Amino acid sequence: MSNNKIRIAGVCACIVMLSCFYSSYSSMRHLTSIAFIKNMQVSSKESTVWVAKLDASLNFGARPQVQTHTSWNASIVWQSMFDEDLYDNKHREAKTTVALTVFAVGRYLEAYLNTFLTSAEKHFMLGLPVTYFVFTDLPEKVQNITLAPQRHIKVVKVEKYSRWQDISMMRMKTISEIIDAVLKYDFHYVFCFDVDQIFKARFGSEALGESVALLHAHYYKLPKHRFTYDRNPKSKACMTEGDYYYHAAIFGGTCEKVKALADYCYVNIMEDKLNNVEALWHDESHLNKYFWLNKPTKLLSPEYCWDENIGDARDIQLRRLIWAPKDYEKLRTR
């Protein structure tokens, strides 16, 4: 096939995928019009200043066996490094609000969503106002769960793509759209999660920051040459060097910073599609490239997303969230 034909095919594919976002965008506009829109956008500038001062209280020497800060002086948060009450009291005084986004498309909804949400209600940002934004192609199947005061669930209908890789990659556009249409008006921070995870212990306000990345449990102790960055020079995600290997199962920060990440990943995913290229680990490859170019201000240790199948857990004092058992053959659309 000629280069022109390949490019035309790529353009057509992109047009089809873009058109599929119309219904989700309409749902977001509906949310904005009936519930969330305000006169002023929530400001995160003041909060980032005092959160940085709060992070200065971290005890970086409490965990001598692991790395507790980066070369650019971002903290790497581990158990025993922080005062829970200090963080929680300051965020309650500041009336900090948090949005959580999660995608439960196809079989993932029935397999994981209820456990994810019920466990989050036991452990995620307790004492703070939290709204869960559930994106699904089957909104009528989202079960009701008991929520604490100041906790809410909003369900947004999205299209289901034929390939799980596209579901994973195209969430970046959806996240950007809902931040722009809804979240920036009511929330100081947003955290984006994969649904196939279970909260097991506190996942609290110590995790909040301007730009938050997660160290991948399988790679945090490996030498850099073993990181599975995309090495294809044709892809916009290509990396020849990096700092860490980040896990796309969790990322967060202020609405402004998360939108910048999502926009970067989406634009580069679409450019790859135009060139008939797909990054090795899809949106995770692009996320790693973004954090290489735009350093996160806070890193979460693998305690915040642990795989129980890893044999050596000596560094893990507290499993805050774990990977749920996965059966990709049954769950994923090929």
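**Exercise 1.** Are F133 and F187 buried or exposed? Then classify their ring pair.

*Solution.* The model is predicted.
- Step 1: F133 and F187 are both buried.
- Step 2: F116 is also buried, at 0% relative accessibility.
- Step 3: The ring centres of F133 and F187 lie 5.9 Å apart, with 85° between the planes. Planes over 60 degrees apart count as edge-to-face, and this aromatic pair is edge-to-face.
- Step 4: F133 lies in strand β3 (residues 130-136), and F187 in the loop between α6 (164-181) and β5 (189-193). The pair links distant parts of the chain, 54 residues apart.

**Exercise 2.** Describe the geometry and burial of helix α5.

*Solution.* 
- Step 1: α5 covers residues 107-123, 17 residues in all.
- Step 2: From first C-alpha to last, α5 reaches 25 Å, close to the 24 Å expected at 1.5 Å a residue.
- Step 3: The helix α5 bends by about 40° at L113.
- Step 4: Its buried residues are Y108, L109, Y112, L113, F116, L117, S119, A120 and E121. An α-helix has 3.6 residues a turn, so residues three or four places apart point the same way.
- Step 5: After α5 comes M125, with a positive phi near 50°.

**Exercise 3.** Which residues touch the most other members of the largest nonpolar core?

*Solution.* 
- Step 1: This core has 94 residues, and F124, M125, L183, F191, F193 and F203 touch the most other members.
- Step 2: Helix α7 (residues 255-274) gives the core its largest share, eight residues.
- Step 3: A second, separate core has five residues, including Y219, F227, M239 and Y245.

**Exercise 4.** Which rings do the charged ends of K90 and K295 sit over?

*Solution.* 
- Step 1: The charged end of K90 is over the ring of W50, 5.1 Å from the ring centre.
- Step 2: For K295 the ring is that of W72, with the charged end 5.3 Å from its centre.

How values were computed:
Residues are numbered from 1 along each chain as its sequence is written. This is a predicted model: local features need pLDDT of at least 70, side-chain atom pairs count only at pLDDT 80 or more; totals for chains, interfaces and linings use all residues. Side-chain values use heavy atoms; hydrogens and water are left out. Helices (H or I, at least four residues) and strands (E, at least two) are DSSP runs, numbered from the N terminus. The expected span of a helix is 1.5 Å times one less than its number of residues. The bend at a residue is the angle between axes fitted to the seven residues ending there and the seven starting there. Buried means under 20% relative accessible area, exposed over 50%, partly exposed in between (1.4 Å probe, protein chains only). Rings of Phe, Tyr and Trp (its six-membered ring) pair if their centres lie within 6.5 Å; planes under 30 degrees apart count as stacked, over 60 as edge-to-face and the rest as tilted. A charge sits over a ring if NZ of Lys or CZ of Arg is within 6 Å of the ring centre and within 35 degrees of the ring normal. A nonpolar core is a set of buried Ala, Val, Leu, Ile, Met, Phe, Trp, Tyr and Cys residues joined through side-chain atoms within 4.5 Å.
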